[in-house]
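Subject: Structure handover

Hello,

Here is the structure I promised to pass on. Please open it alongside this email; my notes follow below.

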Amino acid sequence: MEVLEDNRVKVSVDIEAEEFEEKLDEAFRKLARQVRLPGFRPGKAPRRVLEARLGPHAARGEALSEAVPEYYAQAVVDHDVDVISSPEIDITSGADSGPVSFDAVVEVRPLITVTGYDQLKAEVPGPEPTEEEVSRQVDQLRKQFGELASVTRPAVDGDQVTMDIYGSYNGEEVEGLTVDDYAYEVGQGAVVAEIDEQLRGAKAGDILEFNAGHPDPDEDGLLRFRILVKEVQETVLPDFDDEFAREASEFDTAEELRADVFDKIARAKRADALASLAGQAEEQLAGLVTHDVPEALVEAEVLNRLRNLRMRLSSQGIELETYLDAIGQTLDELTESLRAPALQEAKADLALRAVAAAESITASDEDVDRELAAMAAQVGQSAEELKSSVFAGEESRLRALRLDVQMRKAREWVLERVEITDPDGNPVERSSLTLDGESELPPTAIESQVT
């Protein structure tokens, strides 16, 4: 292997004549199925007959097109070449006869160095639930079991108002804005903001007339509303006691239910904090990369993001074209919008590889075995079954798996050294971002290795 300029290498491959003969035999067998010769059924004409009729070079091109990619792929594995683009192949000998030799020039991932990766800082949301958050969530649960009761006082946010509403535009009634006995929760902002403003402080029997801006920015005129307030009701919440806990949940006491609410909020907040930590670390790692990123890496990440988007949409029964129509973008515009995040992803990946190299972070055989065991558990197999069914003879897949493990370890190494604070600048203990039985760091997706 020869290192060239501009992140390229040249791999030279030699194929012995005897070895290439096997590829020629395969090519002639394929040719025999395609060519009809008198006296022979399709696929039954022997090679010597085909050579006599079609010439000795008839199948050589086919054999080369099959053999060269195969031998190139093996050479890449043998020399541990981290290719990022398609190769330029030059057959240097053997195009017509004898042993075959070819050169493959290919772009490889650059090896870079970065500094400051052990001095990153991140500000994350406070991971501990506040009493206000717990009480708010408890009240939301109580509200599901609440009952409406009429009141004579003025309406406030959260009250339900029953009203007759008439909406017009340029003197014409607007369909959808004219309805009788319409139940509306004050403050929800479901129609136009002016409705909530007018309903606050209104009582049953009030008639409200006002103008409001049209929600369609392309319309210049004003909407005209006339509202008759027929009833104002408040939601009467049940007491938060043991009886309520038994009715609203699987718990026997209000204390147990409140503890469960606390736990759910804590898990959500800590998941948010971990996601924020990981995102900020990735952004800062990308910022440490001052080298030019090969276009091939950015293009590959853009295509990967497009492929993932198609898969997510497909799982919901939505075609990409339908999605593009809904968001008002063309495929080219969507692709261009993905370039900036793809560039950041490519930079962060290069930085992590640099961290792994600088800190001698590797994936041991034991690390790979643990990863295989985790993957096997996901698909209901043993590690050995998975290895024999998915990775048997697939050196490139095993190498990719080992690299995934190495990159995850490098990412964990970085995250373990990030200085974490809350929005008030107070230090956040890393242990506070975990719950019993959970990993401190966001899980790495490994399903792709078994699909």
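Let's start with arginine 136, which is partly exposed because its relative accessibility is 44%. Keep in mind that the model is predicted. Arginine 136 forms a salt bridge with glutamate 132, and their closest N and O atoms are 3.4 Å apart. Glutamate 132 counts as exposed, at 58% relative accessibility.

Is arginine 142 buried or exposed? Its relative accessible area is 18%, so arginine 142 is buried. Its side chain makes a polar contact with the side chain of aspartate 139, at 2.9 Å.

Now the other salt bridges. A search of the whole structure finds 31 of them. Side chains of opposite charge can pair when their charged atoms come close.

Take arginine 200 and aspartate 157. They form a salt bridge, with the closest N and O atoms 2.7 Å apart. This pair links distant parts of the chain, 43 residues apart. Arginine 200 is in the loop between helix H5 (193-199) and strand E10 (207-213). Aspartate 157 is in the loop between strand E6 (147-150) and strand E7 (160-169). Arginine 200 is partly exposed, with a relative accessible area of 38%. Aspartate 157 counts as partly exposed too, at 45%.

Next, aspartate 365 and arginine 402. Their side chains meet in a salt bridge of 2.9 Å, N to O. Aspartate 365 is partly exposed at 48% relative accessibility, and arginine 402 is partly exposed at 33%. Elsewhere, salt bridges with shared partners join Asp82, Arg109, Asp349 and Arg353 into one network.

Which charged residue is buried yet has no salt bridge? Aspartate 103 is such a residue. It is found in strand E4 (residues 100-107). The nearest side chain of opposite charge is lysine 10, 4.2 Å away. A salt bridge needs the atoms within 4 Å. Aspartate 103 does have a side-chain polar contact, with the side chain of serine 12 at 2.8 Å.

A negative patch is formed by Asp239, Asp241, Asp242, Glu243, Glu247, Asp252, Glu255 and Glu256. Helix H6 (242-248) and helix H7 (254-287) each give two or more residues to this patch. H6 gives the most, with 3 residues. Glutamate 247 lies in helix H6, and it is exposed because its relative accessibility is 57%.

Helix H6 also holds phenylalanine 244. At 3% relative accessibility, phenylalanine 244 counts as buried. Phenylalanine 244 and leucine 257 are 13 residues apart in sequence and 9.6 Å apart in space, C-alpha to C-alpha.

Last, two backbone angles. Aspartate 80 has a phi near 55°, a positive value in a residue other than glycine. It sits in the loop between helix H3 (60-78) and strand E3 (88-93), and is exposed at 55% relative accessible area. Serine 360 also has a positive phi, about 55°, although it is not a glycine. Its loop runs between helix H11 (339-358) and helix H12 (365-378). Serine 360 counts as exposed, at 59% relative accessibility.

Best wishes

Conventions: Residues numbered from 1 in each chain as written. Predicted model: local features only at pLDDT ≥ 70, side-chain atom pairs only at ≥ 80, totals over all residues. Heavy atoms only, no water. Patch = residues over 30% accessible without salt bridge, like charges linked within 9 Å, V, L, I, M, F, W, Y side chains within 5 Å. Areas by Shrake-Rupley, 256 points an atom, 1.4 Å probe, with all protein chains shown as cover. Lys, Arg positive; Asp, Glu negative; His and termini not counted. Charge placed at Lys NZ, Arg CZ, Asp CG, Glu CD. Helix = DSSP H or I, 4+ residues; strand = E, 2+ residues; numbered from the N terminus. Buried < 20%, exposed > 50% of the residue type's maximum accessible area, 1.4 Å probe, protein only. Polar contact = N/O pair within 3.5 Å; in protein donor to acceptor, adjacent residues only side chain to side chain.
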